[in-house]
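The sequence and the model come first, and the text follows.

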Amino acid sequence: MTALDLAFLAASVIAVAGGVLAITTRQVVHAALWLVVSLLGVAGAVLILGAELVALVLLLVYVGAVVVLVLFALMLTRAPIGPDTAHAPGLPRALAAGAVGAAVVTMLLSVLIPLAGGWGATVDRQSADSPRVAREIFTTWVWPFELLSLLLLAALIAALAVSRIQRDAP
Amino acid sequence: MTAFIAGPNGTADFSDTPLWLSVVKALFIFVYLLVSTLLVIWFERRVIGRMQQRPGPNRNGPFGLLQTLADGMKSMLKEDLKPANADSVVFTLAPLITATMCFVSFSIMPLAGDVTLFGHRTPLQLTDLPVAVLMVLAVAGVGIYGIVLAGWSSGSTYPLMGSLRATAQMVSYEIAMGLSLVSVFLYSGSMATSQIVQAQESLWHFIPACFAFFVYVVTMVGETNRLPFDLAEGEGEIVGGYFTEYSGMRFAMFFLGEYINMFTVAALATTMFLGGWQAPFGLPDNGWWGLLWFTAKLWFFMFVFVWLRGSLPRVRYDQFMRFGWKFLIPTTLLWVVAVAFYVAAKNNWFGGPILQIAGRDYSLAVLIVIGVCASLVIVASWILGDRAERRAAERLPQIPVEVDPFAGGYPVPPLPGQRLVEPGAADDAYAATKEVSRG
């Protein structure tokens, strides 16, 4: 086990622990913060794998914008300090959610472990440095990429339109 | 073209840099920033003092240089207050996030070229990444949490409002900031800071990327919550904003974070637009000389920060957001598209003949792109300027041309553009008021 393996393991443990705490905590803002910890762990793991562009974009978009917007929305509506027990799910719902989560994890693992070379599978490994990521995005995947940005633009304009309608109605 | 994108992964050479030397460099950057912060707080108070025709702090040490040190000691000795219904863990965490994240971005700033340090030849830059500038933006994104959490965890209304403002402000101005940097990436063909400095050897980027430079300077003031954009603090409106409930050393950490963030954005501006550590007018900039020029450019921006604070009033929140979303972001997007076409034409990716004008080579495509952009700008400014003028004319209050200065019983001077009614009539009106007052 090399130092990089250890660092990867540490980052993964942080990511998983952050994720677990994010869904078990009773405080809404703390849940968002644990989500940040989890995302930082994922970014660290990706960074250790040598894809610094993906890691930084993960930080920039998810930590720097998405979770900040989540916090923003929480503060605009209500952000109580202290545990929020009014919205606690009952035991049956928690168990059902746990079962669904476990099923998803099993499915992902059954696909990802052979892909990562586990269970005796042979994998053709390719480097994922920034020039290669850039080349792939702007050659092979350029149309899906542009379609995605068009979709986001449509969502943005739709959100604006919805907010306008609500203002005019009363 | 090969020279144009010579090293997309940065030109800094760290082959002769052992790990302990990196630690020494990290310590050097830390001390450099702390000393700069001590000095800039004194500098700001003195310069603001001069602008307001008063001496500023001048008691502690020569020229009052030790004033910041005295203030720091005072902060340490103050009582550490915490509101009763604050979220105690997050309340402590928030100033720590601010005070630590602000140092991180400086690790990719090239303070100078190659220097000899303890017998090793090494660039005066802690590290270099192929996507270094993205790291600065990402770290700024994490740094927002310090402000957001400080406001929320205080458990009080004004800090919450301050942090809401700060969040909206920093998230929206970061978009314009990132877009303004894109044109620099296009010009230098790299996101590594060392390569960007190399690319400015013949011409600093603030000339070819003049509009991006303007946008960056505006957004860097917005991003650091400085006047005229310090809406998150807004003393006159929301007490002290996000740090209302903080005192003592916790408050000092926010203070430190704010000033080091100023240095970070100024260092990024220096590196991206003003040629980094390179000297102007062919003066020497090899080795340690680079640090001098880098510091001088940094302090130029510090002066601009202080100057803005001394001369501009705080903008209103809706004006600030409208300016960011409706002006800065769309115009910067157009600028990026224009620069992309220009760079593509310059690299001759469109083909076309090369023309010889006054002994220099110009590709026809470059001339066409410049001509199209210039004519679009002229047409747009013509149409938009016309519309703005009409709107301004509509907004002006309708002032009657002739006024009676004694209409209200008291003499009133005319407004600009107004004319007094005939003197005879005014005298009559005056006499009438006299009679009325006599009863």
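Which residue lies over the face of B:Trp204? The residue is B:Lys297, placed at 4.0 Å from the ring centre.

The model is predicted.

**Chain B as a whole**

Chain B contains 13 helices and six strands. Its C-alpha trace spans about 100 × 70 × 45 Å along the principal axes. Of the 439 residues in chain B, 47% are buried. Among the contacts between residues at least 6 apart in sequence, 74% join residues at least 24 apart.

**Two helices side by side**

Two packed helices are described by the angle between their axes and the distance between the axes. In chain B, helix H4 (residues 132-153) and helix H5 (residues 157-188) have axes that come within 8 Å and cross at roughly 175 degrees. Because of this angle, H4(B) is roughly antiparallel to H5(B). On the H4(B) side, the residues in contact include B:Val133, B:Leu137, B:Ile144 and B:Trp152. On the H5(B) side, they include B:Leu160, B:Met170, B:Glu174 and B:Phe185. The residues of this contact divide into 15 nonpolar, five polar and one charged.

**Aromatic rings**

Over all chains, the structure holds 27 aromatic pairs. A pair of aromatic rings is described by the distance of the centres and the angle of the planes. For B:Phe263 and B:Trp299, the ring centres are 6.0 Å apart and the planes stand at 65 degrees, so this pair is edge-to-face. The pair links distant parts of the chain, since B:Phe263 belongs to helix H9 (residues 248-273) and B:Trp299 to helix H10 (residues 289-311), 36 residues apart. Both B:Phe263 and B:Trp299 are buried.

One aromatic cluster is formed by B:Phe91, B:Tyr242, B:Phe243, B:Tyr246, B:Phe251, B:Phe254, B:Phe255 and B:Tyr259.

**Residues in and beside the loops**

The loop between helix H1 (19-51) and helix H2 (67-77) of chain B holds B:Gln53. B:Phe63 is found in the loop between H1 and H2 of chain B as well. Phi is positive in B:Gln53, near 55 degrees, although the residue is not a glycine. B:Phe63, also not a glycine, has a positive phi of about 55 degrees.

B:Gln67 has its place in helix H2 of chain B. Leaving aside neighbours within four places in sequence, B:Gln67 is in contact with B:Arg45, B:Pro57 and B:Asn60.

B:Lys82 sits in the loop between H2 and helix H3 (88-104) of chain B. With neighbours within four places in sequence left aside, the contacts of B:Lys82 are B:Ser88, B:Phe91 and B:Arg250. One of these, B:Phe91, is also a member of the aromatic cluster described above. B:Lys82 and B:Ser154 are 72 residues apart in sequence, and their C-alpha atoms are 8.1 Å apart in space.

| Residue | Relative accessibility | Class |
|---|---|---|
| B:Gln53 | 75% | exposed |
| B:Phe63 | 60% | exposed |
| B:Gln67 | 13% | buried |
| B:Lys82 | 43% | partly exposed |

Why does B:Gln67 count as buried? The relative accessibility of B:Gln67 is 13%, and buried means under 20%.

Definitions and conventions. Residues numbered from 1 in each chain as written. Chains lettered and ligands numbered in written order. Predicted model: local features only at pLDDT ≥ 70, side-chain atom pairs only at ≥ 80, totals over all residues. Heavy atoms only, no water. Axes fitted to C-alpha atoms, helices over the stretch in contact; angles between N-to-C directions. Helix = DSSP H or I, 4+ residues; strand = E, 2+ residues; numbered from the N terminus. Parallel < 35°, antiparallel > 145°, perpendicular 65-115°, else oblique. Contact = heavy atoms within 4.5 Å. Nonpolar A, V, L, I, M, F, W, Y, C, P; charged D, E, K, R; others polar. Phe/Tyr/Trp six-rings, centres within 6.5 Å; stacked < 30°, edge-to-face > 60°. Buried < 20%, exposed > 50% of the residue type's maximum accessible area, 1.4 Å probe, protein only. Lys NZ or Arg CZ within 6 Å of the ring centre and 35° of its normal.
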